[in-house]
Amino acid sequence: MRKTLLFAILCALPALLFSQSELTDQKRFAFDPQLTYDAAVPAPEAFLGYPLGEELTLYAHIVQYFEKLAASSPKIVLHTYGKTYEGRPLLNVVISSEANMRNLEALRLQHLRLADPDALPANEAAQLIDKQPVFLSMSYGIHGNETSSSETVMQVAYRLVAAQDEATRTLLDNSVIVLYVCINPDGRDRYVYWYKSMQRSLPASEPNDLEHYEPWPAGRTNHYWFDLNRDWFFMVNQESRAHSTEYQRWMPQIHVDYHEQGYNSNYFTTPGTTPRNLLLPKRYEIFSDTFGRANIREFDKHKISYFTREVFDFFYPGYGSSYPGVLGAVSMLTEQGGIGGGRTIKTEDGYVLTLRQRVWDHYITSMATLLKAGDMRKELLQYSFDVWNHRNSASPVKAYFLPDNPGGFLYDAIAMLMAHGVQVERATADVTLPEALNYRSGKTERRTIPKGAFVIPANQPRHLFLHSVLERNMAIEDSVMYDVSTWSVPLAFNLEAYASTLPYKAATERLDKAPEQPAGLQKTEAAYAYVIEWKQRHAPRALAALWEKGYRVRAAAEPFSDGKNKYGAGTLIVLAGSNLEKADSIAADMAEVASAANVLINSHPTGRMAEGFDLASSKNRPVERPKVALMVDPPFDMYSCGQIYFLFDQETRLPVERIRTSVLRQTAVPKFGARYGYADLKDYQVLILPNGGAGLREIFQKEQLEQLKAWVEAGGVLIAQEGAAPFFTDDRSKFTKVKLLEPKRDTSERALQISYAERNDFNALRNIPGAALNATVDNTHPLAFGMDKTLYSLKSGALALKPDPDLHTVGRYIPDATGLLASGYASQENLKHLAGNTLAGVLPMGRGKVVFLVDNPQFRMYWRGPSRMMQNAVMLLPGF
């Protein structure tokens with residue numbers, strides 16, 4: 001028996017050894033073996049115990065490697081610049097020559113002087129450009145399941161620290177290099193732990209194998225299922241706030257963001273395609289192409305397949321490959337084929353792509369780009385210095401004006417701009433503008449900007465950034481794009497805004513910190529009730545806090561006034577007489593809620609109001625904390641789910657249960673213990689269905705739809721967002737009589753004769769790739785309590801609902817098709833189709849309601865104007 005087993009092992013050994021060596025072809029994909037390395041510096045392979053590419057490395061082990069590397073040489077320093085939601089450290093390393101590292105902080109501060117040309121005499125600027133090292137940065141691993149780049153960064157750092165060749169020494173003398181080890185450690189570990197639990201002992205190159213099919217939610221995203229590579233400038237997530245802030249400490253001349261794409265795609269390197277940000281200098285494209293050619297020279301030498309110009313535009317400034325560009329760097333993208341590739345996979349053309357090659361390919365471009373940048377030190381420093389000079393701006397706008405409005409999202413916008421180094425001023429007197437672009441109407445008019453308004457002058461170093469994020473409508477050279485076609489901050493935050501292209505005179509004072517929302521408890525001697533205006537930015541968080549403390553709360557059905565203060569519909573009312581058991585603590589609790597939620601709470605000595613209903617009127621409806629189910633898992637979109645999850649978990653602080661589609665049952669079922677039980681729909685008052693699309697048919701078939709309807713009629717609130725909304729129309733499931741409006745099929749002569757080569761672009765031009773449309777809001781309806789009457793809705797696709805007397809239309813695209821488009825791209829045919837139709841509505845059904853949200857009201861949590869609709873639907877509608 002023993003001999004038989006030994007014989008079997010010996011027979012299997014050649015195949016095993018062949019398979020493992022196949023994973024790490026160290027002959028073709030060797031990391032510069034011709035160089036001499038400092039023996040005191042640990043190589044990744046020696047530290048990890050396996051060659052790079054043989055296994056996926058856990059983030060904790062990557063951290064340990066960099067700790068060891070930093071301890072081994074004076075050429076490198078390891079820095080923790082933040083942490084993730086799950087508590088993992090966010091790291092970068094700074095690498096340069098020993099001489100530079102001894103003076104690193106002085107060099108950094110000198111370098112930042114270049115970033116403010118107005119404050120730097122010309123002769124000093126010339127001296128700095130002549131002698132200062134160039135600052136270079138690269139970010140790896142922003143998408144957690146694009147695994148090769150955070151393997152690569154270990155080898156890149158080792159090469160820079162340990163190599164003894166002249167080219168590396170010259171590079172370190174001429175540059176300070178900042179490497180971001182892994183932007184998204186939470187997503188990486190989610191993927192890597194899953195992959196390790198699925199991988200075979202022998203490599204699985206077959207594309208159909210389980211290890212190539214990552215489960216929902218994918219490791220691409222962070223803890224809240226956000227794509228961090230869309231969040232560099234809005235900084236919604238704490239990882240983004242950390243790396244955008246850290247980036248500005250260095251203000252490098254180049255930045256490269258390392259990614260992966262589907263494993264059937266060959267390597268992508270710059271320059272990419274259109275549309276481009278037309279505010280960027282023309283030299284940007286020249287430099288980008290220069291670095292791309294440096295990369296492909298190495299690929300040509302090693303016969304690596306690549307492409308450079310078919311896809312990937314850098315129009316949206318929230319990418320890691322575009323945000324640095326609007327801050328003065330030459331920013332670039334690389335994309336290695338490999339998502340879902342595991343350690344090895346056979347591509348559609350029969351080629352076996354290994355993790356080792358993916359790591360090697362990224363290593364090659366990292367080093368080629370760094371070495372080329374070191375050679376271009378003075379040119380790159382001059383480029384950034386020129387970009388930072390506002391006199392070189394391509395925008396005619398002289399300043400942007402945002403009138404004060406503490407109730408909404410204005411202060412969020414100001415805080416975000418200041419976090420990016422934008423200088424913001426406040427008007428100390430009225431400002432008269434002979435000609436100002438009104439963002440709401442799109443027309444130029446004479447306008448007096450009131451005292452207290454925020455003024456953002458364009459004559460400042462961050463001019464390129466502020467124009468790129470504040471302009472109402474960026475010029476678009478090509479309407480077929482990779483992402484949204486608008487992101488204008490005033491539109492995203494639904495702000496009153498104006499821009500002037502003429503010189504202006506204004507008495508202003510510069511802000512040294514962002515403004516704060518008014519907050520606190522205004523007490524009376526004997527409080528009859530406590531009142532929280534619902535229009536306040538954080539009123540929903542205050543309501544969640546009151547529920548958590550066990551308070552009974554009412555919401556005003558209509559506006560009212562005590563003669564001094566006016567309150568809008570939705571205003572929260574806490575009656576002392578309805579909470580007598582809290583008599584000893586109510587004042588302290590209200591003060592605590594006001595502070596924690598950052599809201600203003602007014603106490604009233606009487607319930608009698610001067611106008612409107614009295615505080616204890618039965619017209620003001622009790623609102624109880626609902627039990628809320630958010631559907632997750634396929635067919636629901638991970639991003640859409642994550643944005644709702646974030647809205648309630650991070651911002652509102654209201655518990656929302658994330659229920660898998662396989663767990664929810666609409667009728668009572670046997671329980672097998674909490675661990676194995678099912679969620680019963682009857683236990684919930686609110687059900688949220690995120691973007692789901694056609695897959696909803698598999699979940700809600702005839703029997704399930706009947707059960708769902710019975711639940712709604714019994715008092716449930718069903719919220720259907722984006723792709724889920726059309727499903728509940730008469731046209732799709734006949735769940736309601738609401739009519740869906742779809743764009744008509746194009747049967748024009750042009751459409752019928754379109755060539756095969758033109759088809760993709762032709763169809764893309766008929767779509768709406770995230771454009772801002774002007775809309776009106778019925779804020780007398782509870783779905784829109786606390787909102788303004790006008791709104792910018794971010795539109796993707798061309799679906800709408802037909803207005804109907806039975807459907808309470810709460811949000812409607814304006815009826816004038818010529819004025820419907822506020823920003824971005826949409827065809828005239830689509831604008832005519834959408835004009836005057838419904839984007840948000842509520843259909844009463846028995847004692848319950850169906851809420852239709854055709855557009856995403858909290859897109860990426862930066863399109864904030866409509867987001868109160870989701871909070872109202874969950875928190876107020878069950879009580880109305």
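Guide: Two packed helices are described by the angle between their axes and the distance between the axes. Here helix H17 (residues 539-548) packs with helix H26 (residues 868-875) at an angle of about 25 degrees, the axes being 11 Å apart. Axes are lines fitted to C-alpha atoms, for helices over the stretch in contact, with angles from 0 to 180 degrees between N-to-C directions; helices are DSSP runs (H or I, at least four residues) numbered from the N terminus. H17 and H26 are therefore roughly parallel to each other (angles under 35 degrees count as such).

Visitor: Which residues make the contact?

Guide: Contact means heavy atoms within 4.5 Å. H17 brings Pro-540, Leu-543, Ala-544 and Trp-547, and H26 brings Arg-868, Gln-871 and Met-875.

This is a predicted model, where local features need pLDDT of at least 70, side-chain atom pairs count only at pLDDT 80 or more, and totals for chains, interfaces and linings use all residues. Residues are numbered from 1 along each chain as its sequence is written, and side-chain values use heavy atoms, leaving out hydrogens and water.

Visitor: What volume has the largest pocket?

Guide: On a 1 Å grid over the protein atoms alone, a pocket is an open set of points where a 1.4 Å probe fits, with protein on both sides within 12 Å along at least five of seven lines. The largest pocket has a volume of about 770 Å³, the space filled by probe spheres set on the points. Its lining (residues with an atom within 4 Å of a point) has 27 residues, with Met-235, Arg-241, Asp-412, Arg-537 and Glu-651 nearest the centre.

Visitor: Which helix gives the largest share of that lining?

Guide: H14 does, with five residues.

How values were computed. Helices (H or I, at least four residues) and strands (E, at least two) are DSSP runs, numbered from the N terminus. Angles under 35 degrees count as roughly parallel, over 145 as roughly antiparallel, 65 to 115 as roughly perpendicular and the rest as oblique.
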